[in-house]
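Hi,

Here is the structure I promised to pass on.

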Amino acid sequence: MRLEKSESRERWRQARDLWLGFDPIGVMHLPDWPRDEYDAYLGPTLRLLEQRVSIDELQKYLAQVTLEHMGMSDSPQFEMERRSFAKRLKEWYESRWPGTHG
């Protein structure tokens, strides 16, 4: 289902809020940090969700983004955080935006 422009913007806003909550580099508590810090990852995240990829595939994408692009260090705790975020993304999309695309 193709979204109306206002729906697409709302879906984007919600995806941004999820990424801001994940905040892998830990900067959202800083007063002047831009809220668009993770916007480069929203489109690819939404495309994966539209393709109904598995949580494992989402987690692989999140690992690529956080470890390769952001240069974060990996740890068992961070891996669990990425998996939890992947689950949260999938649950959000399937409950709020199933079958939609921008």
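A quick one to start with: does Glu50 count as buried, partly exposed or exposed? Glu50 comes out as partly exposed, at 21% relative accessibility. The cut-off for buried is under 20%, so Glu50 at 21% stays in the partly exposed class. Keep in mind that this is a predicted model.

Glu50 also has a charged partner: Arg47 forms a salt bridge with it, with the closest N and O atoms 3.0 Å apart. The two sit three residues apart in helix 2, so about one helical turn separates them. Arg47 is partly exposed as well, at 35% relative accessibility.

On to the other salt bridges. The count comes to ten, and here are some that I looked at:

- Arg16 and Asp39 meet through their side chains at 2.2 Å, N to O. Arg16 belongs to helix 1 and Asp39 to the loop between helix 1 and helix 2, so this pair ties together parts that are 23 residues apart in sequence. Asp39 is buried, with a relative accessible area of 18%, while Arg16 is partly exposed at 24%.
- Arg82 and Asp74 make a salt bridge at 3.0 Å, N to O.
- Glu10, Arg13, Asp17 and Arg35 are joined in a network of salt bridges.

Now the helix packing. The axes of helix 1 and helix 4 (residues 76-96) come within 11 Å and cross at roughly 160 degrees. Angles over 145 degrees count as roughly antiparallel, and the two helices are therefore roughly antiparallel to each other. The crossing of helix 1 past helix 4 is right-handed.

Met1 lies in the segment before helix 1 and is exposed, with a relative accessible area of 59%.

Last, the surface. Which residues form a nonpolar patch there? Ile25, Leu30 and Trp33 do, with about 220 Å² of accessible area together. Trp33 is found in the loop between helix 1 (5-22) and helix 2 (42-50), and it is partly exposed, with a relative accessible area of 34%.

Cheers

Notes. Residues are numbered from 1 along each chain as its sequence is written. This is a predicted model: local features need pLDDT of at least 70, side-chain atom pairs count only at pLDDT 80 or more; totals for chains, interfaces and linings use all residues. Side-chain values use heavy atoms; hydrogens and water are left out. Patches are made of residues with over 30% relative accessible area and no salt bridge: like charges are joined within 9 Å, nonpolar side chains (Val, Leu, Ile, Met, Phe, Trp, Tyr) within 5 Å. Accessible areas come from the Shrake-Rupley method with a 1.4 Å probe; for residues, only the protein chains shown count as cover. A salt bridge is a side-chain nitrogen of Lys or Arg within 4 Å of a carboxyl oxygen of Asp or Glu. Helices (H or I, at least four residues) and strands (E, at least two) are DSSP runs, numbered from the N terminus. Buried means under 20% relative accessible area, exposed over 50%, partly exposed in between (1.4 Å probe, protein chains only). Axes are lines fitted to C-alpha atoms, for helices over the stretch in contact, and angles run from 0 to 180 degrees between N-to-C directions. Angles under 35 degrees count as roughly parallel, over 145 as roughly antiparallel, 65 to 115 as roughly perpendicular and the rest as oblique. A crossing is left-handed if the near helix is turned anticlockwise from the far one by less than a right angle, and right-handed if clockwise.
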